[in-house]
Amino acid sequence: MLGKLQILRVLLPDITLWGMELGLLSMRRGELARFLFKPTYAYGTLGCPPLIPPNTTVLFEIELLDFLDSAESDKFCALSAEQQDEFPLQKVLKVAATEREFGNYLFRQNRFYDAKVRYKRALLLLHRRSAPPEEQHLVAAAKLLVLLNLSFTYLKLERPTTALRYGEQALIIDRKNAKALFRCGQACLLMTEYQKARDFLVRAQQEQPFNHDINNELKKLASYYRDYTDKEKEMCHRMFAPYDNGSTVGEN
């Protein structure tokens, strides 16, 4: 006879339990399953107050919407550049896309350093691979996505100089890309390079006039620039203000 039974609906990876990990190994993509976990495989003797008491048997209903399999990607990345070149381009693009998706997953968890590592692996694969002229646009499109991700990630890591560098590389591929222009503008704003920030953001606005993020960033820039000029005026005023004896700074 079961004790108190809790029925929970969760979206992974919010909760991970020993029983859940074992159960997931038996599931297929798109499958809906119910698992009954004894306390040893669930929350144990401590429970999860206030929702789940100690020593509770729980019923989990899990729908496996999708998953990322890193085994294939890790195996491919372990090969030498010469060995990778033996595979068709579609294989390289698939592995690079998997690495980018892993980076996106880590980014959503605010694990920006780990996300950066995955994005750089994807970019390295794409840089290594040469493609015939008729397929170069596929490599360029994949690179563009990774470069945009890297630029955003370095903004989160508070490294605007590097964020700007990746943003500018993205603009080499697509000079009118609004996201790349926006990231470059954000980076310049953090670096207090207000004129460059304005140039990038105005170009981004021209591509997407009704984008709230771009318009708000331009407002922020205007506010920062006003504060900056006010401080400059105040500093100049203090530098050239007269002394009490009537002389001014710089007079002999």
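Modeller: Let me begin with Cys184, which is called buried because its relative accessible area is 0%, and buried means under 20%. Please keep in mind that this is a predicted model.

Colleague: How do you know that Cys184 is in no disulfide?

Modeller: A disulfide needs two cysteine sulfur atoms within 2.5 Å, whereas the nearest cysteine sulfur to that of Cys184, which belongs to Cys188, is 6.7 Å away. Cys184 is therefore in no disulfide by the 2.5 Å cut-off, and the structure as a whole holds zero disulfides.

Colleague: What makes the largest nonpolar core a core, and which of its residues touch the most other members?

Modeller: The term stands for a set of buried residues of the nonpolar kinds joined through side-chain atoms within 4.5 Å. There are 41 residues in the largest such core, and those touching the most other members are Leu126, Val146, Leu150, Phe200 and Leu221. Helices H4, H5, H6, H7, H8, H9 and H10 each supply at least two residues of this core, and the largest share, nine residues, comes from H6.

Colleague: Which helix gives the most to the lining of the second largest pocket?

Modeller: That is H6 again, with five residues, while H4, H6 and H8 each supply at least two. The volume of this pocket is about 200 Å³, and its lining includes Asn104, Tyr119, Phe152 and Arg183. Sorted by class, the lining of the second largest pocket has five nonpolar, three polar and two charged residues.

Colleague: Why is the space beside Phe76 and Gln84 called a cavity rather than a pocket?

Modeller: The word cavity is used because a 1.4 Å probe fits there but cannot get out, whereas a pocket is an open set. The count comes to one cavity of 30 Å³ or more, and the largest cavity holds about 30 Å³ of space. Its lining consists of Phe76, Gln84, Asp85, Val92, Leu125, Arg128 and Arg129, which by class are three nonpolar, one polar and three charged residues.

Colleague: How do you know that strands E2 and E3 pair, and in which sense?

Modeller: Pairing asks for at least two bridges, and E2 (residues 32–37) and E3 (residues 57–63) have six, in the antiparallel sense, so the two strands count as paired. Within this pairing, Ala33 stands opposite Ile62 in E3. Ala33 also belongs to the covered face of E2, together with Phe35 and Phe37, whereas Leu32, Arg34 and Leu36 make up the uncovered one.

Note on methods
Residues numbered from 1 in each chain as written. Predicted model: local features only at pLDDT ≥ 70, side-chain atom pairs only at ≥ 80, totals over all residues. Heavy atoms only, no water. Buried < 20%, exposed > 50% of the residue type's maximum accessible area, 1.4 Å probe, protein only. 1 Å grid on protein atoms, 1.4 Å probe; cavity = no way out; pocket = protein on both sides within 12 Å on 5 of 7 lines; lining within 4 Å. Points joined across faces, edges and corners; volume = space filled by probe spheres on them. Helix = DSSP H or I, 4+ residues; strand = E, 2+ residues; numbered from the N terminus. Nonpolar A, V, L, I, M, F, W, Y, C, P; charged D, E, K, R; others polar.
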